[in-house]
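This report walks through one chain, element by element. Please keep the sequence and the 3D view open while reading.

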Amino acid sequence: MQTYLGDLYRIGKIVNQDYGAAVAQDLALARSNLGIMYRDGLGVPQNDTEALKLFLKAADQEDASAFLFLGHMCLEGRGCKCDPEKALYCFLKSARMGHPQAIELFARYGLDR
């Protein structure tokens, strides 16, 4: 429930809700969504370092979206040193977990071979 409230907060439907309760309950999806908010500065100050921390914690919980977001952060050097090999690992992990955007990314660039 808190994750969905956080989604509504992120898209501006609810002003007084946040991801605090969901993150406190150790929900990976909430961490990934809060990471997006910090990465993009949505309702919070933009902070790549905080976004990276949240994505790493969600990835530790095997969240496929977190691996996709980590891949982009590593590829772009946001919150960390640019590391294309680590980015590829994260994209592959996300794709193997069934994340549709990661699967499409591999297919688009012919990396699914």
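Where is the place of D48? D48 sits in helix α4.

## Basis of the model

The model is predicted: local features need pLDDT of at least 70, side-chain atom pairs count only at pLDDT 80 or more, and totals for chains, interfaces and linings use all residues. Residues are numbered from 1 along each chain as its sequence is written, and side-chain values use heavy atoms, with hydrogens and water left out.

## Overall fold

The chain holds seven helices and zero strands. Both are DSSP runs numbered from the N terminus: helices are H or I with at least four residues, strands are E with at least two. Read from the N terminus, the order is α-α-α-α-α-α-α.

The chain has 113 residues, and 39% of them count as buried. Buried means under 20% relative accessible area, exposed means over 50%, and partly exposed lies in between, with a 1.4 Å probe and protein chains only. Contact means heavy atoms within 4.5 Å. Take the contacts between residues at least 6 apart in sequence: 37% of these join residues at least 24 apart.

## Helix α3 and its partner α4

Helix α3 covers residues 28–40. The 13 residues of α3 should span 18 Å at 1.5 Å a residue, and the end C-alpha atoms are 18 Å apart, so the two agree. The expected span is 1.5 Å times one less than the number of residues. α3 is mostly covered, with 10 of its 13 residues buried. They are A28, A30, R31, S32, N33, L34, G35, I36, M37 and R39. G41 follows α3 and has a positive phi, near 70°.

Two packed helices are described by the angle between their axes and the distance between the axes. For α3 and α4 the angle is about 165°, and the axes are 8 Å apart. Axes here are lines fitted to C-alpha atoms, for helices over the stretch in contact, and angles run from 0 to 180 degrees between N-to-C directions. α3 and α4 are therefore roughly antiparallel to each other. The classes are: under 35 degrees roughly parallel, over 145 roughly antiparallel, 65 to 115 roughly perpendicular, and the rest oblique. α3 passes α4 in a left-handed crossing. A crossing is left-handed if the near helix is turned anticlockwise from the far one by less than a right angle, and right-handed if clockwise.

From α3, the contact uses A28, R31, S32, L34, G35, I36, Y38 and R39; from α4, it uses D48, E50, A51, L54, F55, K57 and A58. By class, the contact of α3 with α4 has eight nonpolar, two polar and five charged residues. Ala, Val, Leu, Ile, Met, Phe, Trp, Tyr, Cys and Pro count as nonpolar, Asp, Glu, Lys and Arg as charged, and the others, Gly among them, as polar.

D48 counts as buried because its relative accessibility is 18%. Leaving aside neighbours within four places in sequence, D48 touches R39, M73, R78 and G79.

E62 lies in the loop between α4 (48–60) and α5 (64–76). The phi of E62 is positive, about 65°, although E62 is not a glycine. At 43% relative accessibility, E62 counts as partly exposed.

## Helix α5

α5 has 13 residues and reaches 19 Å from first C-alpha to last, close to the 18 Å expected. Of the 13 residues, 10 are buried. The buried set is A64, S65, A66, F67, L68, F69, L70, G71, M73 and C74. These residues pack against α3, α4, α6 and α7. G77 follows α5, with a positive phi near 65°.

The axes of α6 (residues 84–96) and α7 (residues 100–108) come within 7 Å and cross at roughly 120°. α6 and α7 are therefore oblique to each other. The crossing of α6 past α7 is left-handed. L88, F91, L92, S94 and A95 of α6 meet A102, I103, L105 and F106 of α7. This contact has eight nonpolar, one polar and no charged residues.

Apart from neighbours within four places in sequence, F91 is in contact with F67, L68, G71, H72, L75, A102, L105 and F106. F91 and L70 are 21 residues apart in sequence and 8.2 Å apart in space, C-alpha to C-alpha.
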